[in-house]
Amino acid sequence: LISKRKPQLLPAGCSHVNAYKVDNWRPNLRVIYQCFVWSGSAETRRRKAKSCICHMCGAHLNRLHSCLYCVFFGCFTKKHIHEHAKNKRHNLAIDLLYGGIYCFVCQDYIYDKDMEQIAKEEQRKAWKLQGVGEKYSTWEPTKRELDLLRHNPKRRKMTTNCTIGLRGLINLGNTCFMNCIVQALTHTPLLRDFFLSDRHKCEMQSNSCLVCEMSQLFQEFYSGHRSPHIPFRLLHLVWTHARHLAGYEQQDAHEFLIAALDVLHRHCKGDTTNDNGKKANNPNHCNCIIDQIFTGGLQSDVTCQVCHGVSTTIDPFWDISLDLPGSSTPFWPLSPGGDGGTVNGESHLSGATTLTDCLRRFTRPEHLGSSAKIKCGGCHSYQESTKQLTMKKLPIVACFHLKRFEHSAKLRRKITTYVSFPLELDMTPFMASRWASTNYLPPGLYVLVRYALFAVVNHQGTLESGHYTSFIRQHKDQWFKCDDAIITKASIKDVLDSEGYLLFYHKQFLEYE
Amino acid sequence: MNKDSQMRAAINQKLIEMGERERLKELLRAKLVECGWKDQMKAQCKDVIREKGLEHVTVEDLVVEITPKGRALVPDSVKKELLQRIRAFLAQHSTL
C-alpha cells in the first residue's frame with residue numbers, strides 16, 4: 001500500500017503509528033532506545049555492540065534500522081529492512097543511529113509527538129550515564145515567548161558582516177581607560193549572550209547595581225544606534241563602588257578591569273544559586289556569570305629540595321600578569337626568540353619576545369633561594385625549595401596583562417618592548433602536569449585548550465600622559481579599532497603589530513557540563 | 001565477510017562497548033560545527049528543499065543529495081584528528 005503523504009508543515013506523526021501505539025508500547029519503545037540506539041550502561045553497550053548487525057548481510061554500517069514490531073535488524077541502504085517490512089507487513093522501523101522513526105507506508109520519517117518525547121528522554125538519560133553531557137538543542141519558543149514575538153514585530157537580521165554591537169564611547173575626561181575595557185567586555189560573546197537573554201535578576205534595592213548598568217550598556221551597544229554612547233551612569237557607578245578609581249585623572253585600564261569584574265561579581269548575587277536552590281554565600285565558590293567566564297585556577301607547586309615533597313595550592317585568578325624583558329625584575333634565562341618559539345605561529349621578527357616566551361617564563365620552576373626558605377611539612381624544618389606556577393583550570397576568557405608600567409621605589413617608567421602575540425593560542429604547554437591524564441587528552445589533541453584572540457587594549461604615550469585604545473574582533477576575522485568615540489576598520493596586521501597591554505583570548509571549544 | 005570488514009566490525013564493537021563511539025561522535029559533532037561544516041550542510045539542505053518543494057521532499061531525498069557533498073566537505077584536519085584519537089584509543093586497548 002503506497003499512499004501519498006499529506007502536505008504538512010508542522011512536524012507530525014502519521015496515522016500508521018496508531019496500530020503500534022497500543023498496550024505496552026511505551027516501555028517497549030524505551031527498551032529499544034536503551035538497548036540499541038542510545039546505550040547508556042556498560043551492559044546495554046555490550047549487547048548493542050554484539051547484536052546490532054544486519055540479519056541479512058551482517059554489516060553494521062549502511063544505516064541499520066530495527067523493526068518496531070519484531071526483533072529484526074536490517075540495512076536501510078541495501079533495502080534489507082524494506083524487504084522485511086514488505087514481507088511481514090511491519091510498517092515501522094527505527095534508525096539505530098539517530099533514533100528516527102520510519103514509516104514504510106508514508107515512505108518517510110515521521111515525528112509522532114509521544115514517540116519524540118520518549119526519544120528525547122532516553123537520549124538525555126544515556127548521555128548522562130556516559131558523561132557526555134547535555135546536547136545543544138535548538139531553541140523552541142514557549143507560548144509566552146511566541147506572544148512576545150507577535151506583539152513586537154520589529155526584527156533585526158544578523159548577517160555575516162553586519163556591525164551591530166559596535167559603538168563609540170565619549171571620553172568624559174581621561175576615561176579612555178574605562179572605554180577600552182567596556183569595548184572588550186561588550187565583545188565577550190558569552191557575556192553578551194548572558195545580558196541579551198536577560199539573565200540578570202536584580203536583588204539590589206537601590207539603583208546602584210553595576211550588573212543592571214552593564215545590561216543597559218549591552219542594550220545601548222546592540223540597539224543599532226551609530227552615535228557614540230555617553231557612559232556617564234557607568235562612570236558614576238564605578239566611582240561609587242571603586243573609590244580608588246574615582247577622579248578625573250588617568251587610571252590604569254588593568255586596574256579598572258579587575259575592579260569592574262570584582263564589583264560585577266559582587267552584584268551578581270541574585271543570579272547565583274547552587275544545586276539546592278539556595279543562594280551561594282561563599283564569595284570564593286560563586287557560580288555567577290563572571291566566575292563562569294573569567295575565573296581560572298592557578299596551581300602553585302612548592303617542591304622541597306631535600307625531601308622532594310610537593311606542597312600544592314590553587315588560587316583563583318581573573319588575569320595573568322606577565323613580566324617583560326627590560327623590567328628590573330631579573331628575568332630572562334631564555335634568549336628572546338629562542339627554541340621552538342613558533343608553537344603558536346607568532347611572528348619572530350628577529351629576536352622579538354613572544355607571548356609564549358612570557359608564559360614559559362611565568363610557568364617555569366623558580367629556585368626560591370637560601371634567603372626564602374619554606375617550612376617543609378615532610379622535613380619539619382625550613383628548607384630551600386623551588387616553586388612552579390601552572391594552570392589548573394583555564395577560564396573561558398583568559399586575560400593576559402603585560403606588565404608595562406613599572407612602579408618600583410627607584411623608578412616609574414613604561415616598558416615599550418614589543419611583544420608579539422598570536423591570533424590563536426595553545427595553552428597546553430602551560431597546564432598543570434597531571435592535567436593531561438585526568439582530562440583524557442590523547443597525544444596531538446589540543447582542541448580543549450585552544451584560545452582565540454578577540455580584544456587587545458593598547459596604551460600609547462608615557463606614564464605621565466598617555467592614551468588607551470582597543471582593537472576588538474567581530475565575527476571570525478573582522479577587527480575594529482576603538483578610539484573613544486571613533487571606530488575604524490582595522491586589519492589583522494594592525495592588531496598583531498600593536499604593542500599590546502591587555503590581551504583577551506576566548507576558549508574555542510566549549511564543553512557543556 | 002572479508003578480513004577488512006571483520007577488523008572493522010571488531011573495532012566498532014570495542015568502541016561501542018567502551019562508550020568511546022559516543023564520545024567520538026560528540027567530538028566530531030563539535031568540530032564540524034566549529035569549522036562551519038554544519039552551516040554549509042544546512043544551506044545545502046535548504047537548497048534541496050526549495051528545489052523539491054517543501055510538501056514533497058522526503059528525508060531520503062536529502063540523504064541522497066547531501067551525503068556525497070557532506071563527505072567531500074569534511075576538512076582534512078578534522079579527519080586527521082578523529083583518526084589520531086581512534087589510534088590512541090586502540091593503542092590503549094591493544095587486545096585487538
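Predicted model: local features only at pLDDT ≥ 70, side-chain atom pairs only at ≥ 80, totals over all residues.
Residues are numbered from 1 along each chain as its sequence is written, and chains are lettered from A in the order in which they are written. Local features need pLDDT of at least 70 and side-chain atom pairs count only at pLDDT 80 or more, with side-chain values taken from heavy atoms, leaving out hydrogens and water.

Let's start with the hairpin. In chain A, strands S21 (residues 478-483) and S22 (residues 486-490) pair in the antiparallel sense over five bridges. Strands here are DSSP runs of E, at least two residues, helices are runs of H or I, at least four, and both are numbered from the N terminus; pairing takes at least two DSSP bridges. Asp483(A) has Ile486(A) as its bridge partner. Two residues lie between the strands, and Asp484(A) in the turn has a positive phi of about 50 degrees.

Now to chain B. Helices H3 (residues 37-52) and H4 (residues 59-73) pack at an angle of about 150 degrees, their axes 10 Å apart; axes are lines fitted to C-alpha atoms over the stretch in contact, and angles run from 0 to 180 degrees between N-to-C directions. That makes H3(B) roughly antiparallel to H4(B) (over 145 degrees). Contact, meaning heavy atoms within 4.5 Å, involves residues including Trp37(B) of H3(B) and Leu73(B) of H4(B).

Lastly, the aromatics. Phe36(A) and Phe73(A) pair edge-to-face, 5.0 Å centre to centre with 70 degrees between the planes (ring centres within 6.5 Å, planes over 60 degrees apart). Phe36(A) sits in helix H1 and Phe73(A) in strand S2, 37 residues apart.

Key:
Parallel < 35°, antiparallel > 145°, perpendicular 65-115°, else oblique. Phe/Tyr/Trp six-rings, centres within 6.5 Å; stacked < 30°, edge-to-face > 60°.
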